[in-house]
Amino acid sequence: MSTVTATAAPTKLWGGGKSPFDVEYGKLMMWYFLMSDAFTFGAFLISYGTIRFSSNGWPNPNEVFRSFPFAPEGVHAPLVFVSIMTFILIISSVTMVLAVLAGKQMDKKAVVRNLILTIIGGIAFLSCQAWEWNHLHSEGAWWGANPFLNADGTQSSTNFTNYFFTITGFHGFHVFSGVVINIIMLIMTLMDKFEKRGHYLMIEKAGLYWHFVDLVWVFVFTCFYLI
Amino acid sequence: MSHSAEALHHDDGSAVKEIWKVTAILSVLTIIELILGFWMMGIESESFRLAIKGSIVILMIAKAFYIVGYFMHLKHELKNLIMTIVVPLALFIWFITAFLYEGNSYKNLRNRYDPYKKAQTEIKVHKNEQVKESKPTAE
């Protein structure tokens, strides 16, 4: 096509006949969706920050999140379990980016392998979160119930647990839908859908979504567990 | 500006290398964050804790940059696309500043004009009583 060479100059990008962003329509829309999702998560986290800044006291996360599966009673391991969750999500993001790369090379076997690893990572993260929620619930924490005191030993409000369960729940729901999308991608790959189309662009879009889930966890992890 | 067409076709070996490089960077940043988090537990000084929290936030933004730039490939896209995504997100700067300032201001005003409420939030309570109180609808 002669138009391809014509678009080489940046000034011709808006000349028509070609996406000025040089990406496929669906991928651009995925970017815009993720931007809107970023504002949703941002609004949640900023609301949390506002309430925390307006409170005289706040529970110490190292006192709240200090349990670990199968650890005997009385063993306190703050930050350990959540750092494992963080690394699970980072590693699953890496396998996803390897799957996208394999898709660009039309390497079906590598796409399948990396997608399976990504799905396992997602399920592992969800399992960790389910355990943590269950444990907190058994301690009496839930929406509207906060058994933890403020760091300075004063009476705490339920703001802390409400925000924690709402925001990690919303993120967990994103992880869940990401796993479902990845499973659909895996089935489509195994059915040779992308081989027939001649490109693996769908994997790229699923990959964008999955990385966004990892990105949000970076913020949730920092805001709730670290500071 | 470089063209994305060229960037997309850089050879596969270097793409894999870049992925592992970014993985290493993300892991190191996370470990530094965790070290700061553990270190912060033993520190009493409020201003020093605030400084550590600030460093953690900077590391968090660095991690976000690497995820969006390399894993989501935004750094290798056309400048047009980068701008259409990043410029709207700049609203967050004011969004965060204004709301955190507002929350802090609300706290100060309430503490000044509602001494009863302030006294209430300064009463120390015991943990065990609190658990019973806070879940009246327990199993």
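Select Asp192(A) to begin: it counts as exposed because 10 C-beta neighbours lie inside 10 Å, where exposed stands for 12 or fewer other C-beta atoms within 10 Å of a residue's own, buried for 20 or more and partly exposed for what lies in between, with C-beta atoms placed from the backbone. This is a predicted model, in which local features need pLDDT of at least 70 and side-chain atom pairs count only at pLDDT 80 or more, while totals for chains, interfaces and linings use all residues. Residues are numbered from 1 along each chain as its sequence is written, and chains are lettered from A in the order in which they are written.

With Asp192(A) still selected, look at the backbone: phi is positive, about 65 degrees, although the residue is not a glycine. Most residues other than glycine have a negative phi. Asp192(A) sits in the loop between α6 (159-190) and α7 (193-197) of chain A, helices being DSSP runs of H or I with at least four residues, numbered from the N terminus.

Next, select Asp22(A), in the loop between α1 (2-6) and α2 of chain A. Its phi is also positive, near 60 degrees, in a residue other than glycine, and Asp22(A) counts as partly exposed because it has 17 C-beta neighbours inside 10 Å.

Finally, display both chains: 48 residues of chain A are in contact with 53 residues of chain B, contact being a distance within 7 Å between C-beta atoms placed from the backbone. On the side of chain A that touches chain B, the elements giving two or more residues are α2 (25-53), α4 (80-104) and α8 (201-226) of chain A, and the largest share, 9 residues, comes from α2(A).

Methods:
Contact = placed C-beta atoms within 7 Å.
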